[in-house]
Amino acid sequence: MNKKVQIKDLGLKDYKETWDYQEELFQGILSIKSQNRKDEANAKETPNYFLFVEHPHVYTLGKSGDFDNMLLNDEQLAAKGATFYKINRGGDITYHGPGQIVGYPILDLDNFFTDIHKYLRFLEDVIIRTLADYGLNGMRSEGETGVWLDVGTPFARKICALGVRASRWVTMHGFALNVNANLGYFDNIIPCGIRGKAVASLNVELGIETVNEEEVKQKILHYFKELFQAEFL
């Protein structure tokens, strides 16, 4: 099992370009797995990747999502400087934009464990442990994937969204953690299709203007490495 993970920080990058790049890496792993099944004697290790990226303003709707949760028409989207994509991950609608750390682990779970439920919980745990370093009690909300604050109270709010795709134990898409996000953009959707729940950003919770995003990324990688027992390249 190859637990080595290549870390790539793509910086600010268009959503569609990043999606295409994810697909390229994803299909590359699937191709190796397919060839390995045909020629087990000469099987090759499958690679693993972890992409960090920040997107310009964009809304994405998961394959099971409800289009009615998008509250803007095309003209209004353009006026907001935002784009929209219907994509192939799980989950409903979400927003990505500047000030948000997006992580796309593209892993062959045959290298780690073959359990999608465990995989999602591990990603949540990475964020929960990261938030704890900032004195915040990140939590799960039953039946609602992602990481929340003040669950079970009228002030429950989501700080990290999660949505993945998996095929033959290869993953893509991932999580979006609001760090210095403009939360006003969430007003244009019903986030994750959940009515009556607010969203949060780390800087607002800490009462400061800007959180050091590079520091947050390092914490995320630390806990990812710990939980997945990974080795970084």
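The model is predicted, so local features need pLDDT of at least 70 and side-chain atom pairs count only at pLDDT 80 or more, while totals for chains, interfaces and linings use all residues. Residues are numbered from 1 along each chain as its sequence is written, and side-chain values use heavy atoms, with hydrogens and water left out.

**The cores**
- A nonpolar core here is a set of buried Ala, Val, Leu, Ile, Met, Phe, Trp, Tyr and Cys residues joined through side-chain atoms within 4.5 Å, where buried means under 20% relative accessible area (1.4 Å probe, protein chains only).
- The largest one has 38 residues, and Ile220 and Phe228 touch the most other members.
- Helix α3 (116-132) hands over the largest share of this core, eight residues; helices (H or I, at least four residues) and strands (E, at least two) are DSSP runs, numbered from the N terminus.
- Another core, of 17 residues, lies apart from it and includes Tyr15 and Ala176.

**Ala176**
- You'll find Ala176 in strand β10, and at 3% relative accessibility it counts as buried.
- Leaving out residues up to four places away in sequence, Ala176 touches His96, Gln100, Ile101, Val102, Ile159, Cys160 and Ala161 (contact means heavy atoms within 4.5 Å).

**Helices α3 and α5**
- α3 and α5 pack at an angle of about 135°, with their axes 9 Å apart; axes are lines fitted to C-alpha atoms, for helices over the stretch in contact, and angles run from 0 to 180 degrees between N-to-C directions.
- Among the residues that meet are Val126 in α3 and Ile220 in α5.

Notes. Buried means under 20% relative accessible area, exposed over 50%, partly exposed in between (1.4 Å probe, protein chains only).
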